[in-house]
Amino acid sequence: MMRLELVKRPQRSMLFSALSPFIAFALTMIAGAIMFALLGVNPFNAFHIYFIEPISQTWQLHELAIKAAPLILIAVGLSVCYKANIWNIGAEGQFVLGGIVGSMIPVLFPQFEGPLVLPLMLLLGMVGGAAYAAIPALLKTRFGTNEILTSLMLVYVAQLFLDWLVRGPWRDPQGHGFPQTIQFGDSAILPELMPDAGRANWGFVFAIIAALLVWVLMSRLLKGFEVRVLGSSPRAGRFAGFGINRMVFFAFLLSGALAGLAGISEVSGAIGQLQPVISPGYGFTAIIVAFLGRLNPLGIVAAGLVLALTYLGGEAVQSALGISDKVARVFQGMLLFFVLGCDTLIHYRIRVIGLALTKPEAAAKLEATPKLKEAR
Amino acid sequence: MDITVNILLTIATAATPLLIAAIGELVVERSGVLNLGVEGMMIMGAVGGFGASYLTGSPWIGLLAAIAMGALFSLLFAVMTLSLATNQVATGLSLTLLGLGLSGMMGTSFVGQPGERLPNLDIPGLTSIPVVGRLLFGQDPIFYISIALTAAVMWFLFKTRTGLTLRSIGDSHTSAHALGIQVIRYRYLAVIFGGACAGLAGGHLSLVYTPQWVENMSAGRGWIALALVVFASWRPWRVLAGAYIFGAVWIGQLHAQAFGIPVPSQLLSSLPYLATVVVLVLISRNKRLTMMNTPASLGQPFVPDR
């Protein structure tokens with residue numbers, strides 16, 4: 001038997017603070033190689049298909065940006081929540097509601113066109129996401145209800161609501177019975193950034209802007225300080241006069257609005273209409289992005305690109321090697337595990353203690369220590 | 001009368017996985033650990049149970065495999081949160097995400113395959129007694145396990161010394177540690193027990209409830225089990241009551257859909273989730289009850305100082 005023992009560091013290790021995501025990524029690769037080998041695939045070949053081929057051409061980089069945009073937008077909002085020790089894990093539902101509310105204009109008023117349509121849609125999307133996030137915030141502040149469970153339960157409700165809309169009242173009457181709304185008109189479509197080079201749209205720009213704004217908020221403004229204080233020590237925060245309830249609303253509304261913006265950007269950008277399913281789990285993957293990015297908006301941009309690559313890679317190995325695209329989910333889950341594990345190294349040194357160490361050996365070790373000191 | 005019995009039987013079938021998973025999580029939380037990975041351990045149990053049953057042809061081996069799978073998967077959580085002192089909320093979440101992905105990958109070849117159902121209990125003479133016979137003596141084996149488990153956990157937590165120790169760790173790990181209690185060891189065992197229960201609950205889904213493998217077949221039941229523990233304010237018998245209320249809601253909405261009640265089926269399907277939210281709100285309004293029963297060191301990492 002061996003045992004791990006944690007030894008508290010006097011102060012947090014800057015070295016491991018910077019290295020930990022990379023160590024985690026390396027460990028994920030090793031575990032991934034073992035997994036591919038177990039599936040009977042040459043790991044090097046699989047890695048090439050998974051991580052290199054999907055980003056070897058310009059148009060593919062655009063696809064990467066399309067997948068990264070919602071992840072970054074959502075994760076940036078979640079990072080504020082998690083910094084404040086508030087656990088919004090229902091971003092997937094807020095994403096869906098943002099998509100629904102933002103789509104009200106092109107679906108209900110298709111004749112309304114012009115340059116105002118898109119900004120209004122985006123605004124409505126943010127309002128929809130924020131309003132949906134306000135529910136767990138309200139329940140937490142009013143009744144002390146656990147926000148983890150309520151925000152998650154509301155994800156299922158949102159998904160079923162979308163399903164009902166596109167199969168029922170919002171179904172395209174000329175859609176041959178397919179469960180989808182009408183195709184959005186031109187003025188309701190999020191423009192592509194460089195139509196000649198690839199499909200990437202303004203959603204990616206929104207994500208970068210949001211990351212920069214939240215970075216300024218967290219590192220330069222009093223509100224960011226408030227978030228950090230309340231997160232690390234609610235008591236100290238109360239003494240400083242920061243309201244915990246106000247913070248719950250702030251964090252939920254901000255993250256909900258960003259998730260909603262991601263939702264409507266996805267619907268009006270990459271998809272172009274509402275369907276029963278509009279997200280391959282972005283709201284949950286964004287949780288991983290937030291942690292991999294160290295809850296730092298700039299780190300999240302990088303992490304978002306990495307996680308976007310896992311989606312593309314999953315599709316690539318599915319078509320090239322016939323492996324289930326669930327492999328992407330496995331990679332994402334492993335990555336989060338290793339990140340959390342490596343983060344322990346920031347605050348602790350890990351000593352592995354072999355219980356099999358015999359008594360003479362242990363005594364010899366004890367004796368060796370003072371001798372080393374003398375030698376110095 | 002027959003219809004009532006049938007409805008009661010289906011309610012029991014729907015309640016059993018919730019009950020088992022929640023009872024397991026209750027023990028974990030009583031030891032002061034919050035494992036949000038119930039959904040992930042459950043789905044791993046479901047895929048492991050179905051896979052073993054499908055490959056060996058014996059649902060009984062499937063049952064054992066489901067338990068083993070859940071326990072093994074929870075060990076991952078235990079190493080992370082107990083030995084490496086990681087954030088329990090985040091680690092639990094990642095356990096769920098990993099479980100959903102891993103089960104989907106492992107189950108690819110099982111999709112659409114017919115499965116073997118665990119046989120119901122059949123005692124000659126007893127099972128055929130009208131009305132109560134099938135309710136008491138004609139259900140699936142996991143139903144009986146779930147009831148026995150609830151009773152055993154009640155007895156263990158409140159009538160044994162070890163149970164008292166476990167609860168004391170949940171209330172103050174520092175004091176327990178100062179008294180020389182092996183906090184980490186107790187918590188390891190509690191987490192693994194919770195994992196085995198979640199795995200068994202998953203096995204119920206793929207070996208009894210719908211004997212086949214469907215991706216994401218746990219459909220949020222792991223999360224509802226977590227809510228049940230809060231709802232029950234960490235009391236086993238209240239978990240039993242709560243699980244049957246939720247089982248009734250689950251079955252009620254299915255029957256309503258079958259009868260063609262003029263309400264969108266999606267609204268009915270969302271009832272269990274909405275009910276969870278409502279119930280959580282109702283229970284958390286009673287601050288005294290929650291404050292009194294919540295294990296005081298729930299969710300806090302513990303690193304023994306030496």
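**Close-up views of a two-chain predicted model**

**View 1. The loop between α3 and α4 of chain B holds Ala85(B).** The model shown here and in the other views is predicted. Phi of Ala85(B) is positive, near 55°, although the residue is not a glycine. Most residues other than glycine have a negative phi. Ala85(B) counts as buried because 20 other C-beta atoms lie within 10 Å of its own, and 20 is the number at which a residue is called buried.

**View 2. Chain B is built from 14 helices and has zero strands.** Read along the sequence, its pattern is α-α-α-α-α-α-α-α-α-α-α-α-α-α. Chain B has a radius of gyration of 19 Å, close to the 19 Å that the globule rule gives for 306 residues, so it is as compact as a globular protein of that length. Along the principal axes, its C-alpha atoms fill a box of roughly 60 × 45 × 45 Å. Buried residues make up 53% of the 306 residues of chain B. Of the contacts in chain B with a separation of 6 or more, 78% are between residues 24 or more positions apart.

**View 3. Chain A has 15 helices and two strands.** The box filled by the C-alpha atoms of chain A, taken along the principal axes, is roughly 85 × 60 × 35 Å. Of the 376 residues in chain A, 50% are buried. Contacts between residues at least 24 apart account for 78% of those in chain A that join residues at least 6 apart in sequence.

**View 4. Chains A and B meet through 41 residues of chain A and 40 residues of chain B.** On the side of chain B that touches chain A, the elements giving two or more residues are α3 (59–83), α4 (88–106), α10 (221–231), α12 (265–269) and α13 (271–285) of chain B. Among these, α4(B) gives the most, with 12 residues. By class, this side of chain B has 24 nonpolar, 14 polar and two charged residues.

**View 5. Helices α3(B) and α9(B) cross in a right-handed sense.** Their axes are 6 Å apart and form an angle of about 140°, with α9 of chain B running over residues 183–209. The contact of α3(B) with α9(B) has 19 nonpolar, eight polar and one charged residues. Leu189(B) is found in α9 of chain B. This leucine, Leu189(B), is partly exposed, with 17 other C-beta atoms within 10 Å. Leu189(B) and Ser31(B) are 158 residues apart in sequence, yet their C-alpha atoms are 9.7 Å apart in space.

**View 6. Helix α10(B) is mostly covered, with 11 of its 11 residues buried.** The buried residues include Arg221(B), Trp223(B), Leu228(B) and Phe231(B). In chain B, the buried residues of α10(B) pack against α1 (2–30), α2 (38–56), α9, α11 (236–258) and α13, and in chain A they pack against α7 (147–167).

**View 7. The largest nonpolar core has 220 residues.** The members that touch the most other members are Ile72(A), Leu73(A), Ile74(A), Val289(A), Ala22(B) and Leu228(B). The largest share of this core, 16 residues, comes from α9(B). Leaving aside neighbours within four places in sequence, Leu73(A) is in contact with Phe206(A), Ala207(A), Ala210(A), Leu258(A), Leu261(A) and Ala262(A).

**View 8. Phe95(A) lies in α4 of chain A, a helix of residues 91–102.** Phe95(A) is buried, with 36 other C-beta atoms within 10 Å. Not counting residues up to four places away in sequence, Phe95(A) touches Ile74(A), Gly129(A), Ala259(A), Gly260(A), Ala262(A), Gly263(A), Ser279(A), Tyr282(A) and Gly283(A). The C-alpha atoms of Phe95(A) and Ala46(A), which are 49 residues apart along the chain, are separated by 32 Å.

**View 9. Arg294(A) sits in the loop between α12 (282–292) and α13 (297–321) of chain A.** Phi of Arg294(A) is positive, near 60°, in a residue other than glycine. Arg294(A) counts as buried because it has 20 C-beta neighbours inside 10 Å.

Definitions and conventions. Residues are numbered from 1 along each chain as its sequence is written. Chains are lettered from A and ligands numbered from 1 in the order in which they are written. This is a predicted model: local features need pLDDT of at least 70, side-chain atom pairs count only at pLDDT 80 or more; totals for chains, interfaces and linings use all residues. Helices (H or I, at least four residues) and strands (E, at least two) are DSSP runs, numbered from the N terminus. The radius of gyration is taken over C-alpha atoms; the globule rule is 2.2 Å times the number of residues to the power 0.38. A residue is buried if 20 or more other C-beta atoms lie within 10 Å of its own, exposed if 12 or fewer, and partly exposed in between; C-beta atoms are placed from the backbone. Two residues are in contact if their C-beta atoms, placed from the backbone, lie within 7 Å. Ala, Val, Leu, Ile, Met, Phe, Trp, Tyr, Cys and Pro count as nonpolar, Asp, Glu, Lys and Arg as charged, and the others, Gly among them, as polar. Axes are lines fitted to C-alpha atoms, for helices over the stretch in contact, and angles run from 0 to 180 degrees between N-to-C directions. A crossing is left-handed if the near helix is turned anticlockwise from the far one by less than a right angle, and right-handed if clockwise. A nonpolar core is a set of buried Ala, Val, Leu, Ile, Met, Phe, Trp, Tyr and Cys residues joined through C-beta atoms within 7 Å.
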